[in-house]
Amino acid sequence: INAEYMGGTDHQQAHEQAKMPSIQWAPFHISLERRMQTLVAAMVAFQGVISWTLCLTLLCCAPFFITIPYVIYCLVNKAHEKGSRPIPGIRSLGMWDRLRDFFPISLVNDAGTLDPSKNYMFIAHPHGPLLPYGAYASFVSDTLNFDQKFPGITPHLATLDGNFRVPVFRDWLLSTGCISASKRSLLNCLTSSPGNSVLLIVGGAEEALLMVPGRMKLILDCRKGFCKIALTSGAQLVPVICFGENNLYDNYMVDAPPDSRRFRVNAWIKRHLGFVVPLINGRGIFQYSYGWVPRRLPLTTVIGKPIAVEKKADPTPEDVEALHKVYKAALLDLYNKHKDAYDADRKADLIIVK
């Protein structure tokens, strides 16, 4: 990431965050329900690590006549490009209610009624330092009554294609209706049947490195591929803002100079693997000072009004640019409309850095 848009105030803030606080332990007398909420939040935060552990356990302990066919199946199967294979009941599991109540998370419908005969691309901001918890809970589960608020709309969270190459993890993602964020996968989903919709978090790993409490910085101006997919498929664009995501962790990558080892290592990982290793600090399960568990702070996912898109088989760069400008204006209008209600303690307004 270019150091020129890291921002001097964030530079100072990161140094202040780096001062290690003393450990603040959670009180012993906390209700079992709150303990369970924290456990679920930790499981979601560490779902990749948990899946890799189960994957390695399977490969090391299961008989080879089970593991070899399974690994080959994971490598060649294309379910993640063909609309996934959600399992009935996964969206209504009790764990989602505990994840909702942990922060808590709320879902605000500013879109009105969505026509189930159309397809939609929900474009969510920001990515968040680790995971986009607000968007994840709002679309992957029905704990916030998405199905009731938008009847006939079937959401699919789009994530990195490489996640579907990891045994065990891919099956969990597919069971929740997740799909690959590749062009082929998105177009297949958006053109297969009415009501099929995708949730795309366009800022990606680069945006995750910019998240600091009190400031929402987005990567958008250089992200225009989603507009081309919307034009090609005819899907309507829907801006989504998750207020509070940037407040859940302290981010120690904000002040990393481009020539530092941590910056260069993360740049190499992102270039070759498509993700970054976040240097962040939230809380733990039994203490509030250190860890990758997010802090208990409210999140509000606001879904804006859809932008009508005229389908074009071969959109020109001018078509893409024009739609991108309309989307950007709609996103800023949505932010300005709700910022005082759901981000009153911000230190600065939303900034689109590039």
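Author: A residue counts as buried when its relative accessible area is under 20%, as exposed when that area is over 50%, and as partly exposed in between. The model itself is predicted.

Reader: What makes Thr67 buried or exposed?

Author: Thr67 has a relative accessible area of 7%, and buried means under 20%, so Thr67 is buried. Thr67 is found in helix H4, residues 64–76, and, leaving aside its neighbours within four places in sequence, Thr67 is in contact with Leu58, Leu59 and Ala62.

Reader: How do you know whether Arg170 counts as buried or exposed?

Author: The relative accessibility of Arg170 is 0%, and the cut-off for buried is under 20%, so Arg170 counts as buried. Arg170 has its place in helix H8, residues 169–175, and, once its neighbours within four places in sequence are left aside, Arg170 is in contact with Tyr73, Cys74, Asn77, His80, Arg85, Asn163 and Phe164.

Reader: What is Arg261 called, buried or exposed, and why?

Author: Arg261 has a relative accessible area of 67%, and exposed means over 50%, so Arg261 is exposed. Arg261 lies in helix H12, residues 261–273, and its C-alpha atom is separated by 38 Å from that of Val302, 41 residues apart along the chain.

Reader: Which residues other than glycine have a positive phi, and why does each count as partly exposed?

Author: One of them is Asn145, with phi near 60°, and another is Val168, with a phi of about 75°. Asn145 is found in the loop between H6 and helix H7, while Val168 has its place in the loop between strand E3 and H8. The relative accessibility is 37% for Asn145 and 22% for Val168; partly exposed covers what lies between buried, under 20%, and exposed, over 50%, so Asn145 counts as partly exposed, and so does Val168.

Reader: How do you know how many disulfides there are?

Author: A disulfide is a pair of cysteine sulfur atoms within 2.5 Å, and by this rule the count comes to zero. The sulfur of Cys61 is 6.0 Å from the closest cysteine sulfur, in Cys60, and is therefore too far for a bond. Cys222 is in no disulfide either, as the nearest cysteine sulfur, that of Cys227, is 12 Å away. In accessibility, Cys61 is exposed at 62%, whereas Cys222 counts as partly exposed at 41%.

Reader: What makes strand E2 mostly covered?

Author: Six of the six residues of strand E2, residues 120–125, are buried. Tyr120, Phe122 and Ala124 are buried on one side, and Met121, Ile123 and His125 are buried on the other, so that both faces of E2 are covered. The peptide bond from His125 to Pro126 is cis, with omega near -10°, and Pro126 is found in the loop between E2 and helix H6.

Reader: How do you know which strands E2 pairs with?

Author: Two strands pair if at least two bridges are found between them. Four bridges join E2 to strand E5, running parallel, and six bridges join E2 to strand E7, also parallel; Phe122 stands opposite Leu199 in E5 and opposite Val238 in E7. These strands belong to an open sheet of seven strands with mixed pairing, in the order E1-E10-E7-E2-E5-E3-E4.

Reader: Why are some strands called edge strands?

Author: Strand E1 and strand E4 are the edge strands, and each pairs on one side only. Helix H13 packs on the sheet, touching E1, E2, E7 and strand E10, and the direction of H13 makes about 30° with that of E7.

Reader: What is the arrangement of H11 and H13 called, and why?

Author: The axes of helix H11, residues 225–233, and helix H13, residues 317–342, come within 9 Å and cross at roughly 110°. Angles from 65 to 115 degrees count as roughly perpendicular, so H11 and H13 are roughly perpendicular to each other. Where they meet, Phe226, Cys227, Lys228, Ala230 and Leu231 in H11 face Asp319, Val320, Leu323, His324 and Tyr327 in H13; by class, this contact has seven nonpolar, one polar and two charged residues.

Key:
Residues are numbered from 1 along each chain as its sequence is written. This is a predicted model: local features need pLDDT of at least 70, side-chain atom pairs count only at pLDDT 80 or more; totals for chains, interfaces and linings use all residues. Side-chain values use heavy atoms; hydrogens and water are left out. Axes are lines fitted to C-alpha atoms, for helices over the stretch in contact, and angles run from 0 to 180 degrees between N-to-C directions. Helices (H or I, at least four residues) and strands (E, at least two) are DSSP runs, numbered from the N terminus. Angles under 35 degrees count as roughly parallel, over 145 as roughly antiparallel, 65 to 115 as roughly perpendicular and the rest as oblique. Contact means heavy atoms within 4.5 Å. Ala, Val, Leu, Ile, Met, Phe, Trp, Tyr, Cys and Pro count as nonpolar, Asp, Glu, Lys and Arg as charged, and the others, Gly among them, as polar. Buried means under 20% relative accessible area, exposed over 50%, partly exposed in between (1.4 Å probe, protein chains only).
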